[in-house]
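Please open the structure in your viewer and have the selection tool ready.

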Amino acid sequence: MSLKYEANETLPTLIALCAGLQGVVLALAPILVVVVVTSRAGGQSQEYLTWAVFASLIIAGLLTALQGTRLPRLGAGHIMIMGTTPNFVAVSVLALTEGGPSLLASLVVVASLFYLALANWLPHLRRVITPVVSGTVLILLALTIVPLSFDRIQEVAESAPAAAGPVTALVTLAVIIGMVLRGSGPWRLWSPLIGIGAGCLTAVLFGIYEINGLDDSPWVGIGIPEGLTLDLTPGVSFWALLPVFLVVTLVGGVKNIGDNVAIQQASRRQSRVTDFRLVQGSLNTNGVGILLSGLAGTPPTTVYSSTSVALASMTGVAARRVGYIIGAGLVFLAFFPKLAALLVTIPSPVMGSYLVLAIGLLFMEGVRTVIQDGLDIRKVVVVGVSVSVGVGIEQQTIFADMIVGAWGGLLDNGLLMGALTAVVMSQFVELTGAQRTYRLQTTLEDSSLPRIDEFVTGLAAKLNWNEASTLRLRSAAEETLLGLTTENRNESDESPRRLIIAARPDSGFIELEFMAVFDEENLQDRLAHLSQESEGVSEGEIPLRLLRHYASSVQHQRYYGLDIVTVRVNGASG
């Protein structure tokens, strides 16, 4: 089904409220489950649990709304539902056990600073965190969550019939899938809620819908527990756990990059290249969420990728206005724990069934990310081996048997080891295939053309390219410069912008990387747009049409303060 509302489009208030309500329902359960499990396993009091639930909902709500904005260096500009992440459950429990909320707060604050640094380093990591790596992480994330979803399907009372969990899950999944595949208009929009309602009704018939514990939830839960402060004099426990926290933070950051790529693709009717400025904005917002969680002494808050992608894909609504509504709903529920507890009574088989569908959508987003730049034997091997390693390690306890302590359990994380395998293999391909890099520094203006032409001509001569290939390389460099300068002629800056060109020769082609500051539109998107038009060619479009003719591929990655246009030109020896 096609997307009805993209991120920047307006939509009726009723539809926005409907989609927002579904987002709240889908986000609430994992937020509360992570907080409750972490608190109980860490041996904390009911007072701390009440505070942690309140603070986590407030932080998740505020940052979900912030993700929908496009403030300078903040916000993803899309629906990005946020909540307490299960990635930190194990290490958070260790911190609470060793030193209580104060130790957890100190570790999470330091981890947030590391995460924010990662967002600022993103332009320098572009050759490490590639689409292949990001896509592999999404695929691994989906595959590692699958067992958890099926475990939830079996979470019913021992006295319940054996078929209660599977049948309830099957009814939920069948209703949602049937409405998504064959429904249209409002039916598709309401499909998740109707499916959840059908599942809950089935659970009632089987007698597995329980509301135990609802009376124990307070109507209002506000109050800071005693002793919740930052430990400014860290001891042995802090330094012992800090490396583990930083590694988990790094893995989460890589995953969140993939999350942002997935939600950008799921929020558009037509596929376009990833805007890495929005990725940076989202990562900065995630970093703020981790920092606030640290100051509050609660488990870290980051993006729920599968929930965000599933909401947009199944409802057809990706308007960021919905993110504001979801955020407001989570903040509202924070002040009324009784209402939040009521929503959490949705039976586990129902939510597990929904997760199955969400995981499937997340898996396909990972596949689409991997193949967006083409698929060759190198990428096939990298993705295949990395996924196999990640899934295999997830099912075993290899390192835990060899290394005692938290590090053993961490290295047995399939997502971490699979992602690390993808990075190592991708870097091996990059380093063994790359030859010497030639660089030229100049300015982003038409007068730089003679220097650029001399630079690429000399490079072609060193490679002994024939006349036709040399001319194609010179023309591609010229049209790339003209395309960049055309878009910047209306800028009011008095001094010209700096332009750095990196040329990397390889077998049968040269890769030219133009690093400069660019405008709001992406060259790669404009080239794709031109291929759909046959009339109305403007003067500014002429260089782009010529560039498409001379270059075998054009990629454009956009960051705050830096834009990178990569042009590949094929050639042959003379």
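The stops below begin with an overview and then turn to selected helices.

**The whole protein.** Begin with the entire model, which is predicted. Displayed as a cartoon, the protein has 19 helices and seven strands. Of its 574 residues, 54% count as buried. Among contacts with a separation of 6 or more, 80% are accounted for by residues 24 or more positions apart.

**Helix 5.** Next, select residues 164-182, which form helix 5. At 1.5 Å a residue, its 19 residues should span 27 Å, and the end C-alpha atoms are 27 Å apart, which agrees. Which residues of helix 5 are buried? They are Ala-164, Gly-165, Thr-168, Ala-169, Thr-172, Ile-176, Met-179 and Val-180. Because these residues cover an arc of only 125° around the axis, they lie on the same side of helix 5. An α-helix has 3.6 residues a turn, so residues three or four places apart point the same way.

**Helix 2 and helix 10.** Finally, select residues 46-67 for helix 2 and residues 321-334 for helix 10. Their axes come within 7 Å and cross at roughly 165°. The angle is over 145 degrees, and therefore helix 2 is roughly antiparallel to helix 10. The crossing of these two helices is left-handed. To inspect the contact, show side chains: the residues of helix 2 that meet helix 10 include Phe-54, Leu-57, Ile-58 and Leu-62. On the helix 10 side, the residues involved include Tyr-324, Ile-326, Leu-330 and Val-331.

Terms used:
Residues numbered from 1 in each chain as written. Predicted model: local features only at pLDDT ≥ 70, side-chain atom pairs only at ≥ 80, totals over all residues. Heavy atoms only, no water. Helix = DSSP H or I, 4+ residues; strand = E, 2+ residues; numbered from the N terminus. Expected span 1.5 Å × (residues − 1). Buried < 20%, exposed > 50% of the residue type's maximum accessible area, 1.4 Å probe, protein only. Arc of directions from axis to C-beta. Axes fitted to C-alpha atoms, helices over the stretch in contact; angles between N-to-C directions. Parallel < 35°, antiparallel > 145°, perpendicular 65-115°, else oblique. Left-handed = near helix turned anticlockwise from the far one by under 90°. Contact = heavy atoms within 4.5 Å.
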